[in-house]
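Work through the exercises below with the model open beside you. Each task is followed by its solution.

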Amino acid sequence: MERRAEALRDEIGAILEGELADPRIGLATVGEVVMNPGGKSARVYVQIEGAAEEDMEQTLTGLNAAKGYIRSELTSRLGVRHCPELFFAIDRTNAVGGRIGELLGRVEQRKRKPGAAATPADTADTKRNIKGNR
């Protein structure tokens, strides 16, 4: 199952790089493919570089419109009889990880400042921001 998911990730990535001419699809790379236990469907997590939320949604719409073409190409390239149903989703792990890193950096800066102890309000605010991003 893992080998099949890896093969799907590589082939979908190659298709996204140069074969789709839809103007809605921006600079997108496949981050991960997660197969359902039965192998009949797969969730494809796509990372979209340097795009606003609206552009990300347009890229997702374009990918969903090209889903049939992508599945037919996968069937022929992988030499399989049936290709799993594809569900595209935006991979937001980099954005969330960056935000957590930023918050932790702020906490470290407050600890390093001589004579400036963190107030209980600052600590509570940081904890609230970290919990809100989970």
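**Exercise 1. Find the accessible surface of the chain and the share that belongs to carbon and sulfur atoms.**

Solution. The accessible surface is about 8800 Å². Carbon and sulfur atoms hold 50% of that surface. The areas come from the Shrake-Rupley method with a 1.4 Å probe.

Two notes on the source. This is a predicted model, where local features need pLDDT of at least 70, side-chain atom pairs count only at pLDDT 80 or more, and totals for chains, interfaces and linings use all residues. Residues are numbered from 1 along each chain as its sequence is written, and side-chain values use heavy atoms, with hydrogens and water left out.

**Exercise 2. State the secondary structure of the chain and its pattern along the sequence.**

Solution. Count the elements: five helices and three strands. Helices (H or I, at least four residues) and strands (E, at least two) are DSSP runs, numbered from the N terminus. Now read along the sequence: α-β-β-α-α-β-α-α.

**Exercise 3. Repeat the analysis for H3, and name its packing partners.**

Solution. H3 has twelve residues and reaches 16 Å from first C-alpha to last, close to the 16 Å expected. Its buried residues are Lys67, Ile70 and Leu74. They cover an arc of only 60 degrees, which puts them on the same side of H3. These buried residues pack against H1, H2 and S3, where contact means heavy atoms within 4.5 Å. Gly79 follows H3, with a positive phi near 65 degrees.

**Exercise 4. Is Ser41 buried or exposed, and which side chain does it join in a polar contact?**

Solution. Ser41 belongs to strand S2 (residues 41-48). Its relative accessible area is 13%, so Ser41 is buried. The side chains of Ser41 and Asn36 form a polar contact of 2.4 Å. Such a contact is a pair of N or O atoms within 3.5 Å; within protein, one must be able to donate a hydrogen and the other to accept it, and residues adjacent in sequence count only if both atoms are side-chain atoms.

Terms used: Buried means under 20% relative accessible area, exposed over 50%, partly exposed in between (1.4 Å probe, protein chains only). The expected span of a helix is 1.5 Å times one less than its number of residues. The arc is that of the directions from the helix axis to the C-beta atoms.
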